[in-house]
Amino acid sequence: MKFTKTLAAAAAMSLALAGGAFAQDPVKAGFIYVGPVGDLGWTYQHDQGRLDLEAALGDKVETSYVESVPEGADAERVMSQMARSGVDIIFTTSFGYMDPTINVAENFPDVRFEHATGYKRADNVTTYSARFYEGRHVIGLIAGNMTETNKVGYIASFPIPEVVRGINAAYLAAKSVNPDVEFKVVWVYTWFDPGKEADAANALIEQGVDVIMQHTDSPAAMTIAEEKGIFAFGQASDMMEFGPTARLSSIIDDWGPYYIERVNAVIDGTWESTDTWDGIAEGMVGIGAFSDRIPADVQAQAQAAADAIAAGTLHPFTGPINKQDGSVWLAEGETADDGTLAGMNFYVEGIEGDLPN
Amino acid sequence: MDFSSLDPVAMIVLLIGAATPILLAAIGELVVEKSGVLNLGVEGMMIIGAVTGFIVATTTGSPMVGLLGAAVGGAVVSMLFAFLTQYLLSNQVATGLALTLFGLGLAALMGKSYNGIKPPRMDRLNVDGLTDLPVVGKLFFSHDPVIYLSLVLVFAVWWFLNRTRAGLVLRACGENHEAAHSLGYNVQLIRFGAIMFGGACAGMGGAYVSLVRVPQWTEGMTAGVGWIALAIVVFASWKPWRVVIGAYMFGGITILQLSLQALGISISGAYLSMTPYIVTIVVLVIMSADRKKASLNAPACLGKSFHASH
C-alpha cells in the first residue's frame, strides 16, 4: 500500500513538473536520528520515511541525516550545524530532542523544525507524533488472549508520557479479554542497546512471562523470544525476520506520507507551525500481518478493534478507568482527551509497581 | 515482597553472559596498557569483531570459527592503530577515537546484507553427570565455551605478565620504554604485538554480543560496551583478577536491577545503572589522590609515544 501511495505521489509530482516549475532550488530537508539507521526499528522507519520523501519529490528535495545523536547538549550542536549548512527544514526524531530543538530553533528563525513525539512548539517548531497507543490496544488484545501464564512482559525505555500511554493502553486491552493478566514492566533507560534489551527479555522470561512487548528500538527482544519459544510483537518495524515463529503481529510506523506533506508545504510556502497526531485511520500507525498462530476468532477480534479505531467508533481509553491509586480517571463511557493523553504520567488501576519519575 | 521466584542461579548465569564481552575486551586492553599504549578504540574493534564474527559464523556455520574470525578481524583493524601510533607516532588518544568511529562505520557497511539472519547457535557445555547436578551444574558446567575461554585467558594474561620473561619485557616497555630500548628490546614491535592481542580480545568480546548474548546483527549493537571495558581496566588498577571482579560486578548490577524490576520490585533503575560508573570514578579519584600508589599501578609510560632516535 505504501508503494502505491508513493507511486501516486510520484505521478502527481511529475504532473506538477510538467506544469513547469523547473528553475526552483531543491528544498533541503535534514533528519536527526537517535539510533543508527540500521536499528531495524524506530530510526530505520524514520529513514524509510526520508527515502519515501526522496522518491516522491525527486529533484525538488535534497535530504541529509545524522544518526546516533545523543539526546542532550550534543544534539544542539548537531542541529545548529545542520541549520547553518543551509537546511530549510529539520526533523528531530526523538522525544529527548525536545528542549534542544526549541533552543536551536530560537537561534534560527528562518529554519523550520519538526519535533517528533514532543509537546513544545514555537513559530518555527511543529510537533508530530503517531497514536501508537491505538496499535498498543490491538496488540494488547492479542497478548491478553495468547498468554498462557497470564504474565506479559513489557520492556520500556524511559518513563515519558508516550511510553506510559503505551503500557496503559496495552494493559487495558489485555485485561478486557483476560481478567487474570498481569504486566511486568522493566525500564532499561535506553532507546537502543541490544545487549541490555536482550538481558531484560531474559530476566522477564525467568519470571514466567510468555508474551513480550517492547518500547525500545532494536529487535533484540524478538530474537530472544524466538530462541526461548515465547511470543513477541514487532515494534516500529515489522521485525518478522528476527522472529518468524515468535512474532504475533507488529506496530509499524509509517512516516513517509507525513514527510512528503510537510516538505511540499515548504515548497508551496504554506508551512506553518502545527501539531499532528495521526493514528491507524491516517495510516501513520500500521498493524503488521497477524501470525497464523493466532486463532481465527482472536484475529477477527483484533481486526475489528483496529477497524473500529480507524472508523472513530472505538477509543482505547474509554471509561470506566481508574488510576493506579484507585481514584477515578474516566467515568463510564467517557473518553480521554488528547491533552491528558499527551501528558500521561500515571499507571491505570491493575498495573503493579511504581512508575519511576 | 516475594523473593522466592527470583532464582539466584539463573541470575548468575545471565550475569556471566552480560559480563563476558566486557571481560574479554578489558583483559585485552589491560595488556595493551601494560605495554604503555592507550587504545581508546576498543568500541570500534569490538563492533568490527561483532560483524566479522557474525559473517564468518553464518558463512561457515560454525560459531567457534566465527569467534576466531572475530579475533582476526579485531586484530586487523587494531593493526591500523598500531601502525599509526607506533611508526607514524600519531597521537594515541586521537587515533583511538578515530578507530572507534572508523570501526562503527566500517561495521555498518560490512553488515548491510546480514540484517535479520540467524547465526548458528553456540553449544553449551554438557557433561554427563555434572551439568545435571543441582545448582553446581548450572553454575559451573552449563556455559558456552567462550565463558570458560575468557576466564582461562585472564589466568593466562596474569601468568604471562607476572611469571614469564616476555611478560616482564612487555611491562618494561610500559614502565620505561627508554630503558627497555637501551637493553636492546624493540619497543615498537612489542607494543605492536600487544595492540594486536588487544584487538583480538576486543573482537571476540564483540562477537560474543552478536553470536551469543543477542544472536543477531544490528548496527552499533555493542552500544558502548567498549567504553565500559576501558573504565574497568582503570577500576581494576591494571590487575587481571580485578578485571574479572569489575566486569562481573558491572554485569551483576545490570542483571540485578533488570531482574528485580521483572519481579515487580520498584527500584530506581536509573541510579543503579549509574553505579558502576560512579564506582569507577571514585576508584580513579582515590588512586590519583595518592601519587605514590598511582605511580605503582598505572604504567609510567602509558600513552607516551616512543621513537628510538630520542
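Author: One term to begin with: two residues are in contact when they have heavy atoms within 4.5 Å. This is a predicted model. In chain A, residues 24 or more positions apart account for 66% of the contacts with a separation of 6 or more.

Reader: OK. How many helices and strands are there in chain A?

Author: Chain A has 11 helices and 14 strands. Its radius of gyration is 21 Å, close to the 21 Å that the globule rule gives for 357 residues, so chain A is as compact as a globular protein of that length.

Reader: And what box do the C-alpha atoms of chain A fill?

Author: Roughly 65 × 40 × 40 Å, taken along the principal axes. Of the 357 residues in chain A, 59% are buried.

Reader: What area is buried between them?

Author: About 2,600 Å² is buried between chain B and chain A, and carbon and sulfur atoms give 57% of that. B:E219, B:L258 and B:A262 supply 20% of the area that chain B buries against chain A, more than any other three residues.

Reader: How many salt bridges does the rule find across that interface?

Author: The rule finds 2 between chain B and chain A. A:E227 forms a salt bridge with B:R121, and their closest N and O atoms are 3.1 Å apart. For polar contacts, the count between the two chains is 7 residue pairs.

Reader: New topic: B:L230. Is it buried or exposed?

Author: B:L230 has 9% relative accessibility, and the cut-off for buried is under 20%, so B:L230 counts as buried. Its place is in helix α10 (residues 225-235) of chain B.

Reader: What is B:L230 in contact with, leaving aside neighbours within four places in sequence?

Author: B:L230 is in contact with B:E29, B:E33, B:N39, B:L40 and B:V42.

Reader: And what separates the C-alpha atoms of B:L230 and B:G74?

Author: They are separated by 16 Å, with the two residues 156 residues apart along the chain.

Note on methods. Residues are numbered from 1 along each chain as its sequence is written. Chains are lettered from A and ligands numbered from 1 in the order in which they are written. This is a predicted model: local features need pLDDT of at least 70, side-chain atom pairs count only at pLDDT 80 or more; totals for chains, interfaces and linings use all residues. Side-chain values use heavy atoms; hydrogens and water are left out. Buried area is the accessible area (1.4 Å probe) that two parts lose on being put together, summed over both. A salt bridge is a side-chain nitrogen of Lys or Arg within 4 Å of a carboxyl oxygen of Asp or Glu. A polar contact is a pair of N or O atoms within 3.5 Å; within protein, one must be able to donate a hydrogen and the other to accept it, and residues adjacent in sequence count only if both atoms are side-chain atoms. Helices (H or I, at least four residues) and strands (E, at least two) are DSSP runs, numbered from the N terminus. Buried means under 20% relative accessible area, exposed over 50%, partly exposed in between (1.4 Å probe, protein chains only). The radius of gyration is taken over C-alpha atoms; the globule rule is 2.2 Å times the number of residues to the power 0.38.
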